[in-house]
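User: Hi! I'm new to this one. Could you walk me through it?

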Amino acid sequence: MTDKAGIRDMLKNADECVIKKDYEKAAASFKETVSLNPSEAEYKAYLGWAIFNLHPQDTSKAKELLMEALSIDHDLDIAHLFLAKLYIRERLFKEAEGGLT
C-alpha cells in the first residue's frame, strides 16, 4: 500500500505533467492515484480532465469520471469547471452553463 507521501508524490508528478501538457503521463499518474483512492472525487476529476485532453474527440470516459466525481462530491468546483469545458467542446452550451450556476 502506498502511504500519503507516496500519493502526494504521484499527484505532484501528475500536476507537473498537466502543466507540461503531457496528458498521457498525467492520466497514468492520476489513474494510479484513483486506483489507490477510488472514493476521492478530486482525483477522479483530474483523471477525467487528463483523459479529456488526451482524447478530446472521445469525451465519454472523461465525462464518466467527472460525473463519478460529482456523485461523490457535488460541490467539487473543479469537477464542475472541467465538465463545463467538456460540454463546450461538445457544443452543449446550456449544459455547460447549468453546471456553472
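User: How many aromatic pairs does the structure hold?
Analyst: Four aromatic pairs; rings of Phe, Tyr and Trp (its six-membered ring) pair if their centres lie within 6.5 Å, and planes under 30 degrees apart count as stacked, over 60 as edge-to-face and the rest as tilted. This is a predicted model, where local features need pLDDT of at least 70, side-chain atom pairs count only at pLDDT 80 or more, and totals for chains, interfaces and linings use all residues. Residues are numbered from 1 along each chain as its sequence is written, and side-chain values use heavy atoms, with hydrogens and water left out.

User: What kind of pair do Phe30 and Tyr46 form?
Analyst: A stacked one, 5.6 Å centre to centre with 25° between the planes.

User: And where do they sit in the chain?
Analyst: Phe30 is in helix H2 (residues 23–36) and Tyr46 in helix H3 (residues 41–54), 16 residues apart. Helices here are DSSP runs (H or I, at least four residues), numbered from the N terminus.

User: Is Phe30 buried or exposed?
Analyst: Phe30 is buried, with a relative accessible area of 1%, while Tyr46 is partly exposed at 23%. Buried means under 20% relative accessible area, exposed over 50%, and partly exposed in between (1.4 Å probe, protein chains only).

User: Which residues do ring pairs link into a cluster?
Analyst: Phe30, Tyr46, Trp49, Phe52 and Phe82.

Technical notes. Helix = DSSP H or I, 4+ residues; strand = E, 2+ residues; numbered from the N terminus.
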